[in-house]
Amino acid sequence: MLDLVVIGAGPVGLACAIEARRHGLRARVLDKGALVNSIVGYPARMEFFSTPDLIEIGGHPFPVQGYKPTREEGLEYYRGVAAREGLDVRLYEPVTALHGTRGDFRVETGRGSHRARHVVVATGFFDIANRMDVPGEDLPKVTHYYREPFPYVQQRVAVVGGRNSAAKAALDCYRHGAEVTMVVRAAALSETVKYWIRPDLENRIKEGAIRAYFSTTIEAIRERSILLRTPDGVVEIGNDFVLAMTGYRPDFAFLEALGLTFAADDYRTPIFDETTFETARAGVFVAGTVCGGLKTNRWFIENGRFHAQQIVKHIAGQHTEAIRFGEMHWKTEE
């Protein structure tokens with residue numbers, strides 16, 4: 001019998017397992033994919049928005065070459081922390097069901113069963129893309145995940161979206177020889193685009209190096225073109241690839257299967273105690289970005305790692321004070 005099973009081997013899930021060990025509790029981490037699977041899926045050489053000290057876990061220093069960590073440095077850091085801590089991590093083992101009650105849960109996976117007194121759900125949101133639901137979205141030339149610019153050299157690329165991921169993909173592809181068109185549903189780029197990215201992109205649009213359609217949506221995707229619904233009517237433009245940077249969402253069907261319930265708000269926010277992070281299903285906790293539901297920019301590594309401390313203190317029977325997260329400044333939100 002384990003003290004807790006953590007579902008999700010991202011940075012916050014690993015932080016939960018580390019906190020458990022520090023409190024003398026036995027924890028096991030399960031993940032359907034790779035270690036820190038979301039970071040594996042990030043674009044090559046991507047920089048984190050936070051400085052390294054703000055995304056450290058377990059008190060392990062995060063050495064980097066520059067001001068902010070890259071994807072590759074993050075992958076190596078979290079791998080090294082898991083190894084140094086000797087965490088019990090089972091990868092490529094998807095959870096299929098959760099049975100039992102607080103004090104005696106049975107977590108079923110594709111490989112077997114794990115018994116635990118408590119369960120922490122730290123599954124993030126990166127696995128399921130927000131679809132455009134337009135004809136042709138399933139063509140091979142369409143992707144919701146951007147990795148690197150080299151497949152798009154000398155190609156006509158449409159980047160859908162107006163937030164950070166779309167802005168960075170558009171600039172990256174442009175600078176590596178792609179003909180880039182941005183398709184933005186809003187009337188302007190999002191206010192959340194980082195301050196060091198926004199002027200660069202705005203200037204490239206202004207000079208015509210990157211073409212942009214605002215207040216525009218995709219009507220259909222064809223083999224060699226796309227149809228756009230613009231303020232001036234439907235326009236067809238030539239196209240070889242579509243990078244749909246339309247965001248991602250938690251796996252709500254999976255969360256419901258685990259017994260989680262949700263608030264009647266616009267974000268389908270999971271219901272949990274704001275001090276202990278225990279959900280309406282006693283003994284089951286949530287941690288990290290999954291706590292925000294569809295509001296995927298509410299929680300991130302920088303503040304989500306503190307969830308681990310709150311959860312484990314509660315499980316260990318220690319008094320826990322609420323953290324006023326909303327009153328604190330987080331560098332990731334800058």
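How far is the sulfur of Cys-16 from the closest cysteine sulfur, and in which residue does that sulfur lie? The distance is 9.3 Å, and the partner is Cys-291. This is a predicted model.

**Cysteines**
- The model has zero disulfides.
- A disulfide needs two cysteine sulfur atoms within 2.5 Å. The sulfur of Cys-16 sits 9.3 Å from that of Cys-291, so the gap is too far for a bond.
- Cys-16 is buried, at a relative accessible area of 0%.
- Cys-291 is buried too, because its relative accessibility is 1% and the buried class covers values under 20%.

**Nonpolar cores**
- The largest nonpolar core holds 61 residues. Leu-4, Ile-57, Tyr-78, Val-119, Val-120 and Leu-255 touch the most other members.
- Helix α1 (residues 11-22) gives this core its largest share, seven residues.
- A separate core has 21 residues, including Tyr-146, Ala-169, Leu-189 and Ile-197.
- In soluble globular proteins, nonpolar side chains tend to be buried together.
- Beyond residues up to four places away in sequence, Leu-4 touches Ala-20, Leu-25, Arg-26, Ala-27 and Arg-28, among others. Its contacts also include Ala-116, His-118, Val-120 and Ile-315.

**Second largest pocket**
- The volume of the second largest pocket is about 170 Å³.
- Its lining consists of Phe-272, Glu-274, Thr-275, Phe-277, Arg-298, Trp-299, Ala-322, Ile-323, Phe-325 and Gly-326.
- By class, six of the lining residues are nonpolar, two are polar and two are charged.

- Phe-277, one of the pocket-lining residues, lies in the loop between α6 and β17.
- Phe-277 is not a glycine, yet its phi is positive, at about 65 degrees.
- Is Phe-277 buried or exposed? Phe-277 is buried, with a relative accessible area of 1%.
- Arg-268 is also in the loop between α6 (252-257) and β17 (284-286).
- Arg-268 is likewise not a glycine, and its phi is positive at about 50 degrees.
- Arg-268 counts as partly exposed because its relative accessibility is 30%, which falls between the cut-offs of 20% and 50%.

- Val-95 counts as buried, at 12% relative accessibility.
- Which residues does Val-95 contact, leaving aside its neighbours within four places in sequence? They are Ile-7, Leu-30, Val-107, Glu-108, Thr-109 and Phe-254.
- Phe-254 is 159 residues from Val-95 along the chain. The C-alpha atoms of the pair are separated by 9.1 Å.

- Setting aside neighbours within four places in sequence, Tyr-92 is in contact with Asp-31, Lys-32, Gly-33, Ala-34 and Arg-111.
- Tyr-92 and Gly-110 are 18 residues apart along the chain. Their C-alpha atoms are separated by 9.0 Å.

How values were computed: Residues numbered from 1 in each chain as written. Predicted model: local features only at pLDDT ≥ 70, side-chain atom pairs only at ≥ 80, totals over all residues. Heavy atoms only, no water. 1 Å grid on protein atoms, 1.4 Å probe; cavity = no way out; pocket = protein on both sides within 12 Å on 5 of 7 lines; lining within 4 Å. Points joined across faces, edges and corners; volume = space filled by probe spheres on them. Nonpolar A, V, L, I, M, F, W, Y, C, P; charged D, E, K, R; others polar. Buried < 20%, exposed > 50% of the residue type's maximum accessible area, 1.4 Å probe, protein only. Contact = heavy atoms within 4.5 Å. Core = buried A, V, L, I, M, F, W, Y, C linked by side-chain atoms within 4.5 Å. Helix = DSSP H or I, 4+ residues; strand = E, 2+ residues; numbered from the N terminus.
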